[in-house]
Amino acid sequence: MTELTLAIDIGGTKIAAGLVDADGTVVHHAKLPTPDGDAEAVWTVVDTLVTEALAEAGGRVRVRGVGIGCGGPIDVPAGTVSPINITAWQHFPLVERVSTLTGMSVRLRNDALCMALGERWTGAGRGAKFMLGMVVSTGVGGGLVLDGAPYEGRTGNAGHVGHVVVDLDGAPCSCGGRGCVETIAAGPRMAQWARDNGWDAHAEADAKELADAANAGDPVAQRAFRRGGTAAAAMIASVGAVCDLDRVVIGGGVAKSGALLFDPLREALATYARLDFLRGLRVLPAELGGDAGLVGAAALLET
């Protein structure tokens, strides 16, 4: 009988669930927006998607277990999550709830680590031994693969690169600190900075609209992407030096802007990453799109 893994990807904007086969192919994928309600409202979305996925599997295939990628911070030993971008979930017992719902064993890791594992399995990170996977979207997340294995740290939160400080006198961050790269390079922060500096856009304009404006020649929108890409490059140079990286793979909604983000990022990285052992460091766009988190969550059962 064919074996599949039930994969769940939980972020501040959307929640997805899918079934992934032994080759890393997503054979079922559904997603819903992350609600603004209380903890149970968010859980109801997870319940709905998981129940739908298991119904899709039916009795035709064996589902061997569950892998979950969730925005952090998380507590792997406790099986709980307290995502910065899902404020209703504080120490939410996600592993226990999913295990009770499915009757299966569950593995939980940071969503950006799952993205990194997915890209390393079947995407732009194939073959990388020392890799940072990044998600640049509502926030900035990261996951590390060191010496070919996922590096999780003491609590499962290693790789939280969005909270590397790149501006000592910078803006307050949702983590409680100041000057984190997330305050400059995350999509909503880029759009807000552009509005504050003369971009003529409505109050809810997002990073996609900012990219459209930049591609149409708006100088403020272009400066916002250059500022975000430069901040990301400063962070990558720092993390690259600490972890001796050979590859960085970047996905997420902001990364879909392509050259608007990657050109200034690579230009700035050439200035910041001057150590000899960093000269081979490659920065690549992710290849798996919205499936990366699900593929990586499934990969948790392989590690």
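This is a predicted model: local features need pLDDT of at least 70, side-chain atom pairs count only at pLDDT 80 or more; totals for chains, interfaces and linings use all residues.
Strand β8 (residues 131–136) and strand β9 (residues 140–146) pair in the antiparallel sense, joined over six bridges. Within the pairing, Met134 has Gly142 of β9 as its bridge partner.

- Five strands make up an open sheet in the order β10-β9-β8-β11-β12, and their pairing is mixed.
- The edges are formed by β10 (149–151) and β12 (282–285), each of which pairs on one side only.
- On average, and with direction ignored, neighbouring strands of this sheet are turned by 25° against each other.
- In general, the strands of a sheet pair through backbone hydrogen bonds, in either a parallel or an antiparallel manner.

**Helices on the sheet**
- Helix α3 (residues 111–122) lies across β8, β9, β10 and β11 (247–251), and runs at about 50° to β9.
- Helix α7 (residues 219–243) also packs on the sheet, where it touches β8, β9 and β11, and its direction makes about 155° with that of β8.

**The pair α1 and α2**
- Helix α1 (residues 39–57) packs with helix α2 (residues 94–102) at an angle of about 35°, their axes being 11 Å apart, and the crossing of the two is right-handed.
- From α1, the contact involves Glu40, Trp43, Asp47, Val50, Thr51 and Leu54, while α2 contributes Leu94, Arg97, Val98, Leu101 and Thr102.

Technical notes:
Residues are numbered from 1 along each chain as its sequence is written. Side-chain values use heavy atoms; hydrogens and water are left out. Axes are lines fitted to C-alpha atoms, for helices over the stretch in contact, and angles run from 0 to 180 degrees between N-to-C directions. Helices (H or I, at least four residues) and strands (E, at least two) are DSSP runs, numbered from the N terminus. A crossing is left-handed if the near helix is turned anticlockwise from the far one by less than a right angle, and right-handed if clockwise. Contact means heavy atoms within 4.5 Å. Two strands pair if DSSP finds at least two bridges between them.
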